[in-house]
Amino acid sequence: MLLNCDLGESYGSWTMGLDAEVMPHIDQANIACGFHGGDPLTMHKTLQLAAEHGVSVGAHPAYPDLVGFGRRSMALSAEEIIASVQYQVAAIDGMAASSGVTLAYVKPHGALYNDMMANAETRRAIMQAVASYHRPLKLMLQATPDADLHRSEAAEFDLELLLEAFADRCYDDDGKLLSRRKPGAVHTREKMLAQVSQLQREGTLTTVSGHALPLAADTLCVHGDNIEGVQAIREIRRLVAGN
């Protein structure tokens with residue numbers, strides 16, 4: 001199983017995450033494109049780090065919400081979503097090409113990601129945006145019990161999906177992430193490692209009420225916002241490598 005992480009989210013004098021510490025331990029870097037975080041210099045430096053460590057690069061587009069870090073939903077039309085996503089993808093794709101790096105996929109950020117998973121019209125607009133880009137790119141979205149439906153939707157656009165699970169989040173019985181407003185939504189270190197181990201060994205995870213939920217994931221989202229997170233990524237890396 002691959003490991004992916006949201007990176008390149010620093011902006012100006014504001015530093016977000018420990019990109020240099022995280023990069024050696026992941027397979028895929030989801031790089032912010034300027035709408036929720038990231039600026040041209042941060043994008044350039046993050047791409048160089050990815051190239052140095054042989055990490056695959058993806059665009060991490062968001063709603064145009066720099067103040068809210070892309071965590072607020074916005075009432076954009078399908079046409080606006082398509083244009084907004086392609087604008088951001090083109091920015092990181094061009095910078096990547098200039099750094100000798102090939103952009104491989106797209107993973108929406110924050111509220112845009114959540115809306116994609118909850119709303120078929122938003123999901124369709126994002127699929128259309130990625131599929132109609134001038135060259136093939138994959139789309140990363142959450143692995144859920146609706147994976148077959150999502151693959152069917154993507155097939156209409158001849159679009160390949162990457163399904164991701166979350167290492168540190170508790171799941172509800174319906175396969176969705178438990179709301180952060182509820183207790184236990186974010187796992188402790190011990191529960192996170194147990195969840196990764198179970199997913200790796202059995203292809204299931206245990207939901208909030210104790211049910212075993214089958215989940216087929218191509219990649220695992222990890223977070224390296226602090227030193228403890230970086231250490232957790234190292235441990236997860238050893239788990240998925242079978243060490």
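Is D65 buried or exposed? In this predicted model, D65 is found in the loop between β3 (56-60) and α3, and its relative accessible area is 5%; because buried residues are those under 20% relative accessible area, D65 counts as buried. A polar atom of the D65 side chain lies 3.0 Å from the backbone nitrogen of G68. When residues up to four places away in sequence are set aside, D65 is in contact with F35, H36, G70, R71, R72 and M74.

Strand β1, which spans residues 2-7, is mostly covered, with 5 of its 6 residues buried. The strand pairs with β9 (residues 219-222) in the parallel sense over 4 bridges, and within this pairing L2 stands opposite T219 of β9. β1 is also joined by 4 bridges to strand β2 (residues 28-32), again in a parallel arrangement, where D6 stands opposite N30 of β2.

Helix α4, formed by residues 110-118, has A111, L112, Y113, D115, M116 and M117 among its residues, and these six positions are buried.

Key: Residues are numbered from 1 along each chain as its sequence is written. This is a predicted model: local features need pLDDT of at least 70, side-chain atom pairs count only at pLDDT 80 or more; totals for chains, interfaces and linings use all residues. Side-chain values use heavy atoms; hydrogens and water are left out. Buried means under 20% relative accessible area, exposed over 50%, partly exposed in between (1.4 Å probe, protein chains only). Helices (H or I, at least four residues) and strands (E, at least two) are DSSP runs, numbered from the N terminus. A polar contact is a pair of N or O atoms within 3.5 Å; within protein, one must be able to donate a hydrogen and the other to accept it, and residues adjacent in sequence count only if both atoms are side-chain atoms. Contact means heavy atoms within 4.5 Å. Two strands pair if DSSP finds at least two bridges between them.
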